[in-house]
2 protein chains.
Amino acid sequence: MNTDTTVPLTRIVLASRPQGEPTADNFRIEQAPLPSPGEGQVLLRNLYLSLDPYMRGRMNAGRSYARPVEIGEVMEGGTVSEVIASRCDGLQPGDVVLAHGGWQTHAIAEGRTLTRKLDAGIAPLTTALGVHGMPGFTAYAGLHEIGKPQPGETVVVAAASGPVGATVGQIARLHGARAVGIAGGEAKRAYVRDELGFDAALDHRAPDFADQLRTACPNGIDVYFENVGGAVFDAVLPLLNDFARIPVCGLVAHYNDRALPPGPDRLPMLMSQILTRHLTVRGFIQRDFISLYPQFLREMGGWLGEGKIKYREDIVEGLENAPAALIGLLKGRNFGKVVVKL
Amino acid sequence: MNTDTTVPLTRIVLASRPQGEPTADNFRIEQAPLPSPGEGQVLLRNLYLSLDPYMRGRMNAGRSYARPVEIGEVMEGGTVSEVIASRCDGLQPGDVVLAHGGWQTHAIAEGRTLTRKLDAGIAPLTTALGVHGMPGFTAYAGLHEIGKPQPGETVVVAAASGPVGATVGQIARLHGARAVGIAGGEAKRAYVRDELGFDAALDHRAPDFADQLRTACPNGIDVYFENVGGAVFDAVLPLLNDFARIPVCGLVAHYNDRALPPGPDRLPMLMSQILTRHLTVRGFIQRDFISLYPQFLREMGGWLGEGKIKYREDIVEGLENAPAALIGLLKGRNFGKVVVKL
């Protein structure tokens, strides 16, 4: 454990805003002196950094869930971090916590915000960034509060080998629903079906994908957990049953859009479908349902302990590789939850 | 009271399916012998026929809420009807009931479906087709189950002089919310503001309508009760607050659409707004919330008795004028709830 506070901090800042797909030029790596914690604060050494699709939204100037990262600011991100200096009661050097440490080797945090201590003896630390953390909770909360899968219903989710999609399908099956997963490429497709146990798994790159989806959903679709948008949504829409629910937690296919696509304008058609099929379409982020978080930690912890929920991680070594890893993630090049090991 | 069962029945049937806007040619008036009630049935004389925007959907072959009216079949519709012959215990000639008697002078009904007897001494019979019936319940249920207006929030509704819109705004105000109504023309606009007591009322035909709406909603829009679609929705969308709710019960602006409008395609934009603003968009018809109906009858009955909810009716004399009245209704030519007096 490196507790020498004279070494500099390394960080990655937003150098410029992307036009369409982000490129390496949008990021800049910097060094800075290590800061000292003030009263009530701690100094953290970040051990693992989570990379997630929402980060693309933070790189834009426009309104999204949250204020954007400003040019020159450290990129945001969840971390598993070790306390290396503390001026906060209840936090000691050596404590490992879930933090929002960002794309950097060290961070200052308000001690009162660090409410979750982690123990590698109970679960791998990285799960707090994935299946037992924000992406897992996104799946759990979206199904619990919006999707509400019932026994025998059909639940469809894309990016099904990723941390949200994989968890959505497995929770749906624990509720007695049928899970149909969509992934990019044969390796991911096979993993979703054979390892995660989805009832069906499809490759959205197949030329007859829409037909395959129809065949895989003979009783229509009751819950579509929307995390990608684009062509997958277009294939899902005609298959939705009356009273279908669509939790919308991401639209990664559109994050790089620079203009509206050409017509015709399908907005009135979507509203008509919502009306005549009694659809519920609801956007959310997991924070909207934060009161459910303790229940999630308990229930998901149980499922993980019993082996009822599986997960896969895609570990990237070194902070300097984070930009390329995020760019790849937005193109679906990762296979499982992307975590940068610092 | 005419109980002579030898007079023929007059009815209006669907003669052909409309291409775009319905025309008089799509309807045909016919006479037929009076039917006799079978066991458990009653013969009804229809006193009042309700005309409602949903009827446009029934004229199409395509899927909507319910199966379409077939060519040659009597047009559907809710009625206030008098029992003139009964083979059902508990229903006597002279009883006045809420029925689904259709566009005709007489109808056969299963007695068990006639669960609501009406008493002109308690409330005008026609209210059972409007504010104290299906349109009023649409407003009540959509707000109760989806819109959930909170004190101080802003609720926007179009067709605000019509039976759904007028009721939405007045109920919103009873919940302590601010009601902004949209109507077509100065007479309706003044009625919505001055008679119904909305906080603001706008004419959607004004060239600067979108600017007027922005001015009328300085704190944004929390609930948009969607019953029209089209240009009103386009003006509402940029003003929606985070966590806004959009109950969708009608899209009258689109009922005559024959093709998708030209581009660009705003479907991905709508989904992005749903995501980043945490919107809830939910299609419904009042039947979805039927368990709430007794509570509605009780509560709305109280409000009407206390003068807390006002309404306006647009009475059309004679069944033969129903086609023109429906065509006018779809163009916003009515002023209040359209009821045909037979």
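The legends below describe close-up views of a predicted model.

Residues are numbered from 1 along each chain as its sequence is written, while chains are lettered from A and ligands numbered from 1 in the order in which they are written. In this predicted model, local features need pLDDT of at least 70, side-chain atom pairs count only at pLDDT 80 or more, and totals for chains, interfaces and linings use all residues; side-chain values use heavy atoms, with hydrogens and water left out.

**View 1. The two domains of chain A.** Domain 1 of chain A comprises 9-130 + 312-341, and domain 2 comprises 134-287; these bounds come from an automatic or database domain assignment. Taken over C-alpha atoms, the centres of domain 1 and domain 2 of chain A are separated by 28 Å. Contact, meaning heavy atoms within 4.5 Å, involves 21 residues of domain 1 of chain A and 15 residues of domain 2 of chain A. Between them the two domains of chain A bury about 1500 Å², with 56% of it on carbon and sulfur atoms. Buried area is the accessible area (1.4 Å probe) that two parts lose on being put together, summed over both.

**View 2. Helices α2 and α3 of chain A.** Helix α2 (residues 134-147) and helix α3 (residues 163-174) of chain A pack at an angle of about 40 degrees, with their axes 8 Å apart. This makes α2(A) oblique to α3(A). Angles under 35 degrees count as roughly parallel, over 145 as roughly antiparallel, 65 to 115 as roughly perpendicular and the rest as oblique. Axes are lines fitted to C-alpha atoms, for helices over the stretch in contact, and angles run from 0 to 180 degrees between N-to-C directions. Helices (H or I, at least four residues) and strands (E, at least two) are DSSP runs, numbered from the N terminus. From α2(A), the residues A:P135, A:G136, A:T138, A:A139, A:Y140 and A:L143 meet A:P163, A:V164, A:T167, A:V168, A:I171 and A:A172 of α3(A). The residues of this contact of α2(A) with α3(A) comprise nine nonpolar, three polar and no charged. Here Ala, Val, Leu, Ile, Met, Phe, Trp, Tyr, Cys and Pro count as nonpolar, Asp, Glu, Lys and Arg as charged, and the others, Gly among them, as polar.

**View 3. Helices α2 and α8 of chain A.** The packing angle of α2(A) and helix α8 (residues 293-305) of chain A is about 110 degrees, and their axes are 10 Å apart. The helices α2(A) and α8(A) are therefore roughly perpendicular to each other. Residues A:G136, A:F137, A:Y140 and A:H144 of α2(A) make the contact with A:Y293, A:Q295, A:F296, A:E299 and A:W303 of α8(A). Five nonpolar, three polar and one charged residue form this contact of α2(A) with α8(A).

**View 4. Helix α7 of chain A against helix α7 of chain B.** Helix α7 (residues 267-276) of chain A and helix α7 (residues 267-276) of chain B pack at an angle of about 55 degrees, their axes lying 8 Å apart. This makes α7(A) oblique to α7(B). A:L267, A:M269, A:L270 and A:M271 in α7(A) meet B:L267, B:M269, B:L270 and B:M271 in α7(B). The contact of α7(A) with α7(B) has eight nonpolar, no polar and no charged residues.

**View 5. Backbone features in loops.** The peptide bond from A:G263 to A:P264 is cis, with omega near 10 degrees, and A:P264 lies in the loop between β11 (240-248) and α7 of chain A. In chain B, the peptide bond from B:G263 to B:P264 is cis, with omega near 5 degrees. A:A159 is not a glycine, yet has a positive phi of about 50 degrees; A:A159 lies in the loop between β7 (154-157) and α3 of chain A.
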